[in-house]
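Visitor: I would like to learn how to read the features of a folded chain. Please take me through this one.

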Amino acid sequence: MKIIIHGGFFSESQTNQEVKKAKQDALAEIVKLGHKYLQTHTAVETVVYTTCLLENCELFNAGTGSQIQSDGKIRLSASLMDGKTMRFSGVINIEDVKNPICIAEKLMPFDDRVLSGNGALAFARENGFKYYNPEIPQRRKEYEKKLSDSVRLGTVGCVALDVYGNLAAATSTGGKGFEIPGRVSDSATTAGNYANALAGVSCTGVGEDIVSGAVASTIVTRVTDGMPLALATEKTLNELKPYDGFAGIIGISATGEIYHADTHPYMVWASYDEKVEVFA
């Protein structure tokens, strides 16, 4: 049983030791809780649970504390993929909810499993997800000053390998901030979140770059074709270099290989294999 999570990228880590320490502590605690949960739950249940914890932590750009878009509204995206069943579900640009990953989970049994905008919100309300405003004062302050270099850039994600040998991946984002309303990130696509029986991957970074490289699905496909996870990751990220693609990934293979990598410094992450490890 293994688990790895990420909290996106951030720029203040090299100068603001207080924020860095807060993120290290938060990720270490969340990955410990996720690993404990994994002892008695499936990979799918675990990635949803753990991603909820990340969405609820104001240090990260997903759920509570998400970025505000150019029209002053917060829109969230999240997706879930079950490596055993190969079912993918997600919500895109949904407003006024607390945990978009839980709505993605609720969509999993349906034929129409990826919903956007008003349709996603209507589904959420019909299924008991109540109104919630994910805005925090700092986000409003950033928006009013029209900052483009927020300290919480990125997304959150989780990949887990359960006791049955099944893999699952989940990713959630509050967007990049100040984007055009309607912009679609990678987080609710197979470019940013993908799993099958042999590997699971969650991405963070610039959504357009990740989509251009079909990063998550390409890595998993290469593992499926026999390539080790580390090599598949490095080969795929190297293919982003011609356009200076900005991406980070976390992944686990069915053989238990656990890996993380990024194209630019640096992604924040934590894992639990035999012990907790967290970004330095």
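Guide: Start with the radius of gyration, taken over C-alpha atoms and compared with a globule rule of 2.2 Å times the number of residues to the power 0.38. With 280 residues, a compact globule would come near 19 Å, and the 17 Å of this chain agrees with that. The C-alpha atoms fill a box of roughly 50 × 45 × 35 Å along the principal axes.

Visitor: What kind of model is this?

Guide: It is a predicted model, where local features need pLDDT of at least 70, side-chain atom pairs count only at pLDDT 80 or more, and totals for chains, interfaces and linings use all residues. Residues are numbered from 1 along each chain as its sequence is written, and side-chain values use heavy atoms, with hydrogens and water left out.

Visitor: How many helices and strands does the chain have?

Guide: Helices (H or I, at least four residues) and strands (E, at least two) are DSSP runs, numbered from the N terminus. This chain has 8 helices and 12 strands.

Visitor: What share of the residues is buried?

Guide: Buried means under 20% relative accessible area, exposed over 50%, partly exposed in between, with a 1.4 Å probe and protein chains only. Here, buried residues make up 55% of the 280.

Visitor: And how do I read contacts?

Guide: A contact means heavy atoms within 4.5 Å. Among contacts in the chain with a separation of 6 or more, 67% join residues 24 or more positions apart.

Visitor: Which way do its side chains point?

Guide: In a regular strand the side chains alternate between the two faces of the sheet. In β6, Leu167, Ala169, Thr171 and Thr173 point one way. Ala168, Ala170 and Ser172 point the other way, and all are buried.

Visitor: Which strands pair with β6?

Guide: Two strands pair if DSSP finds at least two bridges between them. β2 (residues 76-82) runs antiparallel to β6, with 6 bridges. Leu80 has Ala170 in β6 as its bridge partner. β5 (residues 155-161) is also antiparallel to β6, joined by 7 bridges. There, Val156 stands opposite Ser172.

Visitor: What links β5 to β6?

Guide: They form a hairpin with 5 residues between the strands, and Gly165 takes a positive phi near 85°.

Visitor: Is β5 covered or open?

Guide: Mostly covered: 7 of its 7 residues are buried. β5 also pairs with β1 (residues 2-9), antiparallel over 5 bridges. Ile4 stands opposite Val159 in β5.
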